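Please go through these notes with the model open beside you.

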Amino acid sequence: MIKNVVSTPARLSLLLSAALLSATAAHAEDTSRMLSSQPQPPDVRLGPLFNAVQQAKFYPDQKTFADAVPKYNPSSILADWQMQKGQRNFDLKRFVDTNFILPKAQDKYVPPAGQSLREHIDGLWPVLTRSTPQASQYDSLLPLPKPYVVPGGRFREVYYWDSYFTMLGLAESGHWDRVQDMVDNFATELDRYGHIPNGNRSYYLSRSQPPFFSLMVDLLATHKGDDVYRQYLPQLEKEYAYWMADSDSVAAGQASKRVIKLSDGTLLNRYWDERDAPRTESWLDDVETAKKAPDRNKQQVYRDLRAGAASGWDFSSRWFTDAHNLASIRTTQLAPVDLNSLLFHLEQTLAKAAKLAKQDAQAKNWADAAEKRQAAINRYLWDDKQGWYADYDFGRKQVHHQLTAATLFPLYLQLASDRQAERTSAAVEKQLLKPGGLVTTTVNNGQQWDAPNGWAPLQWVAVEGLEHYKQPKLAQQIGQRFLQNVQQTYDREHKLVEKYVVEGDKLGGGGGGEYPLQDGFGWTNGVTLMLLDKYCPKDKTCNSARDIPAMPALNGAQ
């Protein structure tokens, strides 16, 4: 593990400049070319027609019309609408049905009777697999060369950070071919767009998601060996260049795109979206949210909502000034602990890949960049008074004191000291450990990335992170409690879902947020298989929640 050191801004700038010089120059040129050729999202192509349809509330889910495929040139459809809309008997719903192909409702998957949880997940992989090497000319779907696994339900496309946890399960099930396919798809997106979009839709191109590509490469390397690092080195560099764009030009005390430069020159990163309009897939929701913040610039509210979606935590009190008011969202003012920890891992991975490629000078620059980021995280994102990691509010020049499940990312990616890990673990055990697993935050406000919900990827981050720092009992508490929760829900309802209630009297499927609970579910499937491997190996029988050992509370925790 790299030791904590105090960075000097001048040296940090030199090191990052050396590491980024060629990558950022190429990225700027590629970005300019790519932006001119990228497909436009439906709200841009259809303009006022898109707004009118969403305002009419024809569909319970605003994503439905975002995913509709125009039968004809969108410009012609828009012109027809402009001409017809003032006519006396004009029917907008009939116009939409005539000119668009709406997404079909997914058939509800009914598993064969008597399947164990493990058998059910193994049977779900082909159900969730899609292949779209080509897409209709006017479709918002972005084609990918190889098959991929979607989350399920309303999520008909591949999602960036979801996919890593899905791939863990695919690997556990022996589907290394699909793991390879998905890594290749993301590498293709990096080559084609200069970054990995939130999902393979035109309306997701303006943002990315938590950067797990380097962990995907790590995963594939466990099966295919270290040649994988050399193979994907160009794409790893493009990923880094995307996140660090403008790092060489932004002034101290300012932020640009995804980069924050503190007053002392320290570089951190934030979530960002290139657009400042309502999200295409949640257009009306965002318009209504902005109305609830009359004292704020609407475009800034939209940008912060979009950045919240880029974080994957859409939405959470973590991003709010007022924990119970979505309209107070200010995602772009925060340097998140999970994002910066993931970029530390990316820098380490680049160092390893460059060394394997015999690029020794570059390898040293990447390793030094990782060391400087580790020091920055442990200086600015560590709350020594509270004893846990949190996001840094660079506008207010202070750590954002809220405890969330993201606090475990520095343990997961092994950049914390033993003392920091010990204090973080104690806080997690006392405040976030619940009967059904790890709760996302301590705030219950109706948002899906808050209490009482727990999410599969955060359980895995916790389990792995705590095990890295010799906290196996707490790791087991979290892992087994969540696994029991998933198993009990499956025993009762014969399905897996995207999120779970982990506290209170009624555990099971979670709630809150902008849309109903979704079945499927890619990342829950993957994490559940990994937890089954830990706590119920294949040579044992775990056919119900009774077969998973119950864990007593630790030190008075719930």
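The numbered points below take each topic in turn.

1. Basis. This is a predicted model, in which local features need pLDDT of at least 70, side-chain atom pairs count only at pLDDT 80 or more, and totals for chains, interfaces and linings use all residues. Residues are numbered from 1 along each chain as its sequence is written, and side-chain values use heavy atoms, with hydrogens and water left out.

2. Overall fold. The protein has 21 helices and 17 strands (DSSP runs numbered from the N terminus: helices are H or I, at least four residues; strands are E, at least two). Its radius of gyration is 23 Å, close to the 24 Å of the globule rule for 558 residues, so the protein is as compact as a globular protein of that length. That radius is taken over C-alpha atoms, and the rule is 2.2 Å times the number of residues to the power 0.38. Along the principal axes, the C-alpha atoms fill a box of roughly 75 × 60 × 50 Å.

3. Of the 558 residues, 60% count as buried (under 20% relative accessible area, 1.4 Å probe, protein chains only). Take contacts (heavy atoms within 4.5 Å) between residues at least 6 apart in sequence: 70% join residues at least 24 apart.

4. A cavity is a set of points, on a 1 Å grid over the protein atoms alone, where a 1.4 Å probe fits but cannot get out; lining residues have an atom within 4 Å of a point. Points are joined across faces, edges and corners, and a volume is the space filled by probe spheres set on them. The largest cavity has about 290 Å³. Its lining counts 25 residues, with Phe155, Tyr159, Gln209, Asp314 and Tyr515 nearest the centre. By class, 11 are nonpolar, 5 polar and 9 charged (nonpolar: Ala, Val, Leu, Ile, Met, Phe, Trp, Tyr, Cys, Pro; charged: Asp, Glu, Lys, Arg; polar: the others, Gly among them).

5. Second largest cavity. Its volume is about 80 Å³. The lining has 8 nonpolar, 2 polar and 2 charged residues. Helix α2 (residues 42-46) gives the most, with 3 residues. Other parts of the lining include Phe65, Phe100 and Tyr138.

6. Helix α19. Just after α19, Lys470 takes a positive phi of about 60 degrees.

Conventions. On a 1 Å grid over the protein atoms alone, a cavity is a set of points where a 1.4 Å probe fits but cannot get out, and a pocket is an open set with protein on both sides within 12 Å along at least five of seven lines; lining residues have an atom within 4 Å of a point. Buried means under 20% relative accessible area, exposed over 50%, partly exposed in between (1.4 Å probe, protein chains only).
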